Amino acid sequence: MPPHPLLDERVIGREKKRKQSQTDPPAGRTLSYVEAVREATDQEMARDPSVILFGLDVDDPKAIQGTTRGLAEKYGPERVFGTPLSEDAMTGAAVGMALAGLRPIHVHIRMDFLMLAMNQIVNVAAKGRYMYGGRASVPLVVRSMIGKSWGQGAQHSQGLHSMFMHVPGLKVVAPAAPYDAKGCLIAAVRDDDPVLYVEHRLLHFQKGFVPEGPYAVRPGKARVTAAGEDVTLVGISYMQVECLRAKRLLEEVGINAEVIDPVWLSPLDMDTIAEAVERTGRLLVVDTGWLCCGAAAEIVAQAAERLQGVRDLRLRRMGFAPTPCPTTPALEKLFYPDARTIAAAARDLVEGAPTGWIPDELPEPESIEFRGPF
Amino acid sequence: MSARLYRALYRIRRLEEEIARVYPTDKIKSPVHLSIGQEAVSVGVCEALRPQDVVFGTYRGHALYLAKGGDMAAMVAELYGRAAGCCGGKGGSMHLIAPEAGMMGTSAVVGTIIANAAGYAYALRYRRQDAIVGCFFGDGATEEGVFAETLNFAVLKCLPILFICENNRYAIHTHQSRRQGRPAICERARAHGMPAERIDGNDVIAVLEKAREVAARVRAGEGPWFLEAMTYRWREHVGPGSDYHLGYRTEAEAESWMAADPVRLLAEAIDAAERARIEREVADEIADAFARAEASPFPGPAELTRDVFKEEPHAAAPLVG
């Protein structure tokens, strides 16, 4: 298993040691998530002329936070283009291109905008192969971003990945680390079925080890990002960062939490999660989305189905408050789980009763540089 | 040419009449939206297209599937829900496909394929392929947002696509005048920047000639073209029968269209012996298609979970866990 880039210095240190001890080391360096997404796109476009990239603003000066920077110049306006504000038709066009054998990457700067594309994603892309008896393929990648902070508000902040997990025929991936951002995007582009690739605005600033060459991170494989035996934390997308921070807080009270990043939400690697929960007996799933019918509900339900009668279980979900996202920071901070509330909930789960413990305020993660619009 | 067109029209008409006849036996396991009365649009346009050209259609897609060269036996088997169906029994009447003939699919959600067709046209042009797309939809689809969005994109990118609106005036049971504030569909196409023309969709020769002319222009790279073909659905929206008892339209309205039946009008122009030969051959083909459908097994239980995703691992990547 490759090192997890979220544990950056330690990982990079370990990587350097490994390089010295191996005859054929993977070449790598520290990249941001944005740079990893851009590199994956660039390498796949260079490898395969059927890969094309479009979406609102992919060729504008801000270049989707930099994830598409320079690609329009390098590959030309036929392969990289900004689109009309027509999410429905452009998603439908992407499906048509995919039916014709191209491998489009369609980019949405907010996941909220996918609601305008649901018909094409759910009714056409997801069903093409099955409904046509295996005679059609829709190798489409839909990139979208979950927003957070700086007052993103109700329509720029939603994590709607569970809606897509619900539908057979779609794959859903929500990489948290730059390593996975690159490897999963490459896997998504090479996949012969539609893949929803979920980014998070705050993850764009994460830095970590990224190999230089192309590689694919296999669909349906979770990653244990930190070992522990007292409780299993599953953090989805950006909540992976908060779970790793919560682990450090829990260490202060003598609790050793295991942390898992599912990476792929569909197909979901329940073997890895259930194996962990069979050991710890306690599962806390933290999502950057709502709880009702959500990704966390699915993971907890599957864990319960597999392990009921096998061992005693304590299960809990955390995610968005059951409200639209408020804009004001006074309410916004109550809307989201964070490392402190995750640590508190995990401790209660371990103790088997409410303890009333809440860790001291933490500084914001240094890696998060998000301070402005977009 | 007339004999060839007559065979194409008559073949679709007779097959759908046979579907309607068999339907009450419940052997057909799929809702059917018959195109009886509207065949000349698909036949005329597809006659103007070439084998490498591609079409997308609607849930009322039997005529288009057959006109573009889809296999009749595979279509009937699909309606029967059998393994030999063009979708292995998983699509049914509303999701016919025949990639080998350039029939790339149909949708049960109105308007959906308009954008898929434009994307396909983009791919053809990107690959410098010598082919165009024919995109078929009804008057109801022109009210969907995806219609306006796609027309804009098609003009913006100068796509090799011919839009064909089959205007039969009714979306299920609601007349166009009760759905559109200004029922001038060609005007809307022109407003997006493409040439548009209304034609008599029941005159198969007129459809063919106009489609040939504009397909040549689309093929030459002039950008998208739009045809509104006026036609009429004889049968109920879905199912084998008539629906005058519902009261949303009158028999008198239908009679004027039936008087201009494209199949009968063309039949009168054909040599009697040749016509008899065509009709005999079509009858044999239809009998054979139904016999083969009935002989085909239903798909086995393993088919339930097959083809949700491609099952082979994807290509050419070092996989890591």
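Two strands count as paired if DSSP finds at least two bridges between them, and helices (H or I, at least four residues) and strands (E, at least two) are DSSP runs numbered from the N terminus. Everything here comes from a predicted model, where local features need pLDDT of at least 70, side-chain atom pairs count only at pLDDT 80 or more, and totals for chains, interfaces and linings use all residues. Residues are numbered from 1 along each chain as its sequence is written, while chains are lettered from A and ligands numbered from 1 in the order in which they are written.

**View 1. Parallel strands S11 and S12 in a five-stranded sheet of chain A.** Let's start with strand S11 (residues 231–235) and strand S12 (residues 257–261) of chain A, which pair in the parallel sense over four bridges. Look for Val234(A), which stands opposite Ile260(A) in S12(A). The open sheet around them has five strands in the order S10-S12-S11-S14-S15, with mixed pairing. Strand S10 (223–226) and strand S15 (314–318) of chain A are its edge strands, each pairing on one side only. On average, neighbouring strands of this sheet are turned by 25 degrees against each other, direction ignored. Axes here are lines fitted to C-alpha atoms (for helices, over the stretch in contact), and angles run from 0 to 180 degrees between N-to-C directions.

**View 2. Helix H11 of chain A across the five-stranded sheet.** Helix H11 (residues 295–307) of chain A lies across S11, strand S14 (282–286) and S15 of chain A.

**View 3. The seven-stranded sheet of chain A.** Here is an open sheet in the order S3-S2-S4-S5-S7-S6-S13, again with mixed pairing. Its edge strands, strand S3 (80–81) and S13 of chain A, each pair on one side only. Within the sheet, strand S4 (residues 103–108) and strand S5 (residues 141–146) of chain A run parallel and are joined by four bridges. His108(A) is a handy landmark to pick out, standing opposite Ser144(A) in S5(A).

**View 4. Helices H4 and H5 of chain A.** Two packed helices are described by the angle between their axes and the distance between the axes. For helix H4 (residues 87–99) and helix H5 (residues 118–125) of chain A, the axes come within 8 Å and cross at roughly 30 degrees. H4(A) and H5(A) are therefore roughly parallel to each other (angles under 35 degrees count as roughly parallel, over 145 as roughly antiparallel, 65 to 115 as roughly perpendicular and the rest as oblique). On the H4(A) side you will find Asp88(A), Thr91(A), Gly92(A) and Val95(A), which meet Asn119(A), Gln120(A), Ile121(A), Val124(A) and Ala125(A) in H5(A). Residues are in contact if their C-beta atoms, placed from the backbone, lie within 7 Å. By class, this contact has four nonpolar, four polar and one charged residues (Ala, Val, Leu, Ile, Met, Phe, Trp, Tyr, Cys and Pro are nonpolar, Asp, Glu, Lys and Arg charged, and the others, Gly among them, polar).

**View 5. Two backbone details in chain A.** Most residues other than glycine have a negative phi, and most peptide bonds are trans. The peptide bond from Ser266(A) to Pro267(A) is cis, with omega near 0 degrees. Pro267(A) is in the loop between strand S13 (264–266) and helix H10 (270–280) of chain A. Ala63(A), a residue other than glycine, has a positive phi near 50 degrees, and its place is in the loop between strand S2 (51–55) and helix H3 (71–75) of chain A.

**View 6. The contact of chain B with chain A.** This contact takes 41 residues from chain B and 44 residues from chain A. On the chain B side, the largest share, eleven residues, comes from H5(B). That side has 24 nonpolar, 13 polar and four charged residues.

**View 7. Confidence in the two chains.** The predictor's confidence in each residue is its pLDDT, from 0 to 100. Chain B has a mean pLDDT of 94, with 97% of its residues at 70 or more, and chain A has a mean of 91, with 91% of its residues at 70 or more. Across residues 5–22 of chain A, pLDDT stays under 50. The model scores ipTM 0.95 and pTM 0.93.

Conventions
Contact = placed C-beta atoms within 7 Å.
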